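Please read the following points beside the sequence and the model.

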Amino acid sequence: MTQVVLSLPAVVLGLLLNILDGISYGMIIFPATGVFIDLGAMGVSMFFVSTIISQLVYSAGASGFPGANGSMMIEVVPFFHIMATRIARDLGETNQREIVATTLAAFAFSSVITGLTFFLLGHFRLGSLIGFFPRHILVGCIGGVGVFLIITGLNVSTRLQDDEFSLSLDTLLFFTRGSNLVLWAPAFALAVLLRVITSRWHHQLILPTYFLIIPVVFYIVVLSAGLNLDMLRRERWLFEAATSEEKWYQFYTYFDVTKTRWGPLWDTLPTQFALLFFNVLHPPLNVPALSVSLNLDVDTNKELIAHGYSNFLAGLAGTVPNYLVYVNTLLFYRVGGTTRLAGFMLALATSAVLLAGTGPIAYIPVMVVSALIFVLGIDLVKEALWDTRHRVSKMEYITIASIMVAMTVWDFVIGVLFGIVVSCFFFVIQNSQRRSIRGMHTGETTMSTVRRPSAHRAYLREVSRQTTVLHLQGFLFFGTIAHVEETIRTLVTEPAWVHAPIRFLVLDFALVLGVDLSAAEAFVRVQRLLSGRKVALVISGAGDGKVLRALECVGLLELPDVELFVTFNDAMEWTENVYLRAWFDSSSEEAKPVSLPGREDSRYMDLQESFPHSPRRAQLRDAGWRIMASDNSKGKSKSKGKSDMPAASPEPFNTLEQAFSPYAADRAVLEQLAPYFERIAVPKDHVLWRQGDAADGLYVIGAGVLRATYHFAAHTPVIEESMVPGTLAGELSGLAGLARNATVVAERPAVLWRLGVDALRRLETERPEVARTFTALVLKAAKLDFDILLSALATRQ
């Protein structure tokens, strides 16, 4: 009993809101024209039946909100008018019973398909799917409904039939005529006054109290002036008594299968689907907002299932769609309606109003109904045009306004379709203006993470200018690919080609979300253009999903001079190996075979061929002689300059010299270091250490290739670094005695020279000066190696 008493204020408020909504919006379910002109009371009954069904379903436990308030879906009234008008036009005004029976069947069918759609969305947990629909289209539709309600408020106030309204000068003159102006202007002024009041004071009881005061004041004036009620009805200040004498169940007498015409009903399907589209957008938006306002954790999919039940049952009961009302529920909670008992009490009270019949409608001032309609219409137009003025882009604002115009000038179905088309058009324009090229570099600034001897690195830094890298991003489609194609054409045409000819074009697809057919075919055109210039197209980061399939479908990967790599680093590593192999194969300066990491099918580039007529080959040849050959000759001259050194120095001296000679190492220091190193041979795929292991020393690579894998943190990409002969591995952790920061595996069979922890301690004890010099050499080498690694990582961001 205590709970019943505590719930009474909420029930009274909820009932008052239902009565106000029912009288205002139930009266306009049917268009005020032709055979429907006297069906306003029937619409009120249908409103209450739908509201009671939704209230019972939600209060029975289907909703996660114990005090949920259900009501007829007001915003879809324009679609009801479109269906009813179309059916009347198809059947002819003389067939009244057929028109009404078919219209009622169409309304009930809209509830059934709405219920089934909500149930399926909730059952398959697709509630979040609605969030992907453009919000500004919904806002434009809401604004269109607002304009419709304002026009309806004018029609209700002046009793102008819907088919007589038009956007013309005659209509404007009709509404500004004195006898009509005094009918709608007070109602409109009352709506504006309410919004002025609520803009300053925010109390949940202002609205119901306001609309209770209006009829009281109205009848005080009527009694004071001694006005006759029948005269007020003739002058359109009160509703006609004849329209309010029907029983609440009167609309069921119009249902007649034999009178229902299925052809016109079938013709309403486009409008039914537009109505359905509009219906399903509301609950997924209202439910999360209400959840936040009430601080309740509810499942959106469960609420969709509840909407499915309530609408399906409403359809079986022959009435219109319904939904959970955000504002009513929020007010209901704030005055104590937080239990399911309160919801059942509200359903019972609303049923009592329904059973009482529609007789009291004859005594309700028309301005009360019109003012309520104006209030909602003004709110919706304000939400669409005023509230969004600084929150959306210009294109989105134009879309919102254009949808409202299309809905007003033509109809709501065309308005919805127009909004979708305009949004797609603007989407293409906006995305085509976005940069699809995230960055453009040359190979000298985006080198791979391979640790190479300094001579190789210097050579690559110069010749990699012939490699151009384009980092692509976003979705590549017909609107964005034009810029990419034009950029590539610029690279291989005059005057860019004369200034900087290229040999490799690397396209990084790591941040590309998708490629449409137009973009994929554009890459085929690009490949043909590059092939004419003998430029190889190198593709990386395409993954194994839709991007790769799009490129495969147009046959791009099967064309000559096209190479595919999993990662961008693999692609850059491969191009660098091509440059190095080209020099080694054309020169006898390299005394022993050189191990190169990564893929071994390097392209063949004969530097002797066409020399010196090709600028690209001339640059490679010149850089090779200046850097690679001179580095070898320096090493040989040093050997000849030392008479006490044998012709062929034993290992590990040669390996140490290759690793440290670029840093001005004294050969005498290297000779003293050599005895402290031990030789280790490891097979392919042998794990030298894992990340986190204790350091056992540092290594100098004599032959083969090692690959280090860095795992810095969860959910971050793995970083790989290859190490070739003449470079160091594990140097910093070995010197510092700290845990390993990477996992190192032999990519190829390798010969390593290790300075173990114990050997390092002996070196520091026996030869401290040599140990200090060695530490300085290691730090210099590590610094350059890490500069290369950081530079490579920075250009991949």
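1. T468 stands opposite L505 in β5, and the two strands concerned, β4 (residues 467-476) and β5 (residues 504-515), pair in the parallel sense over 9 bridges. Pairing here requires that DSSP finds at least two bridges between two strands, while strands (E, at least two residues) and helices (H or I, at least four) are DSSP runs numbered from the N terminus.

2. The model is a predicted one, in which local features need pLDDT of at least 70 and side-chain atom pairs count only at pLDDT 80 or more, whereas totals for chains, interfaces and linings use all residues. Residues are numbered from 1 along each chain as its sequence is written, and side-chain values use heavy atoms, with hydrogens and water left out.

3. The open sheet has 5 strands in the order β3-β4-β5-β6-β7, with mixed pairing. Its edge strands, β3 (437-442) and β7 (562-565), each pair on one side only, and the twist averages 20° from one strand to the next.

4. Helix α24 (residues 568-586) lies across β4, β5, β6 and β7, running at about 170° to β5; angles run from 0 to 180 degrees between N-to-C directions, with axes fitted to C-alpha atoms, for helices over the stretch in contact. Contact means heavy atoms within 4.5 Å.

5. P662 lies in the loop between α26 (653-660) and α27 (667-673). Because its relative accessibility is 36%, P662 counts as partly exposed, a class between buried (under 20% relative accessible area) and exposed (over 50%), with a 1.4 Å probe and protein chains only.
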